[in-house]
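Have the model open and follow along.

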Amino acid sequence: MPRIYVHPLPVRIWHWINAFGFIAMIVTGFQIRYIGLIDLMSFRSAVVLHEWIGFVLIGNFFIWLIFYLFTDKIRVYHPELNPMKHFQSSLRQAMFYGYGIFKGDPNPHHVSVYEKFNSMQSMSYQVIMLLLVPLQFWTGVLLWDVKRFSGMIDVLGGVRVVDTAHVLIFIFFSGFIFMHIYLATLGHTRMAHITSMITGYEETPDEHGHAEANKH
Ligand code: HEM
């Protein structure tokens with residue numbers, strides 16, 4: 001079956017460290033915040049793990065950022081410059097996930113090297129990677145040493161505000177993971193997208209089983 005190289009090595013390394021790290025952060029974060037509700041480890045161990053893995057994830061983020069900033073692959077994040085067209089194709093994609101897919105319609109998005117994401121993906125990944133993830137790292141670092149960063153915490157409205165932002169984004173990511181994994185299983189086979197994030201290659205059959213690779 002024809003294949004397209006869509007996920008270069010730095011993206012794959014970043015992604016899997018990030019994925020397992022996020023799961024660990026959610027588990028330890030849950031243990032810290034909702035103490036008594038689960039009892040997987042001591043409060044102290046949860047805090048220490050949460051801090052260490054947090055700093056690993058901050059460093060890891062720069063693999064993703066530097067890779068896209070210094071290669072032309074950044075084009076995968078803005079293939080369509082016309083906002084109206086972008087909105088229309090996002091709507092078409094949402095209709096497919098919400099309705100068409102259950103009738104067996106073909107996916108309206110066709111993968112190519114610079115269009116590995118559909119419009120919904122390119123938009124939501126940008127909001128996540130350029131807004132929510134940095135905000136989570138920033139609030140996390142502030143909470144890591146509230147004394148050292150007391151000046152900045154006060155400017156932002158106090159520990160309660162910073163902590164609430166951190167917890168709200170934590171709740172978002174806890175839900176995002178389920179949605180993301182569900183969507184990741186909607187390739188031409190259950191494992192197609194997940195395998196592509198491991199090997200780098202996405203297989204590209206069309207709805208009749210023919211090659212899509214040469215169309216783009
Ligand atoms: C076990 C958990 C996860 C699985 C199985 C998974 C799976 C995948 C797969 C298959 C892709 C390929 C493209 C796609 O289908 O959208 C992808 C891309 C992506 N995932 Fe995940 N993911 C996981 C966790 C996460 C987490 C926790 C984040 C949090 C930020 C995340 C952020 C992203 C981003 C930003 C991309 C696009 C990467 C790029 O720039 O090429 N993933 N994921």
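Predicted model: local features only at pLDDT ≥ 70, side-chain atom pairs only at ≥ 80, totals over all residues.

Let's start with a definition: a residue is buried under 20% relative accessible area, exposed over 50%, and partly exposed in between (1.4 Å probe, protein chains only). You'll find Tyr99 in helix H3, residues 83–103.

Residues are numbered from 1 along each chain as its sequence is written, and side-chain values use heavy atoms, with hydrogens and water left out.

**The chain as a whole**

Expect 7 helices and 2 strands, in the order β-α-α-α-α-α-α-α-β from the N terminus on. Helices (H or I, at least four residues) and strands (E, at least two) are DSSP runs, numbered from the N terminus. The C-alpha atoms fill a box of roughly 60 × 35 × 30 Å along the principal axes. The chain has 216 residues, and 36% of them count as buried. As for contacts (heavy atoms within 4.5 Å), look at those with a separation of 6 or more: residues 24 or more positions apart account for 65% of them.

**Around the ligand**

A total of 26 residues surround the ligand, and the closest are His15, Tyr77, Lys116, Tyr125 and His180. To be near it, a residue needs a heavy atom within 4 Å. Sorted by class, this shell has 19 nonpolar, 6 polar and 1 charged residues. Here Ala, Val, Leu, Ile, Met, Phe, Trp, Tyr, Cys and Pro count as nonpolar, Asp, Glu, Lys and Arg as charged, and the others, Gly among them, as polar.

| Side chain | Ligand atom | Distance |
|---|---|---|
| Trp64 | oxygen | 3.0 Å |
| Tyr68 | oxygen | 2.9 Å |
| His180 | nitrogen | 2.7 Å |

The elements giving two or more residues to the shell are H1 (9–33), H2 (43–69), H4 (119–144), H6 (159–184) and H7 (192–199). H1 provides the largest share, 8 residues.

**The iron**

Which protein atoms are donors of the ligand's iron atom? They are NE2 of His15 and NE2 of His180, lying 2.0 Å from it. Donors are N, O and S atoms within 2.8 Å of the metal (3.2 Å for Na, K and Ca); water is not among the atoms, so sites may look incomplete. The 6 donor atoms subtend angles of 84 to 180°, so the arrangement is octahedral. Because His15 lies in helix H1 and His180 in helix H6, the pair ties together parts 165 residues apart in sequence. His15 counts as buried because its relative accessibility is 14%, while His180, at 21%, counts as partly exposed.

**One more stop on H1**

Thr28 is also in helix H1, and it counts as buried at 3% relative accessibility. A polar atom of its side chain lies 3.3 Å from the backbone oxygen of Met25. Leaving aside neighbours within four places in sequence, Thr28 is in contact with Met41, Ala46, Leu49 and His50.

Conventions:
Polar contact = N/O pair within 3.5 Å; in protein donor to acceptor, adjacent residues only side chain to side chain. Tetrahedral: all angles 85-135°; square planar, octahedral: opposite > 155°, others 65-115°.
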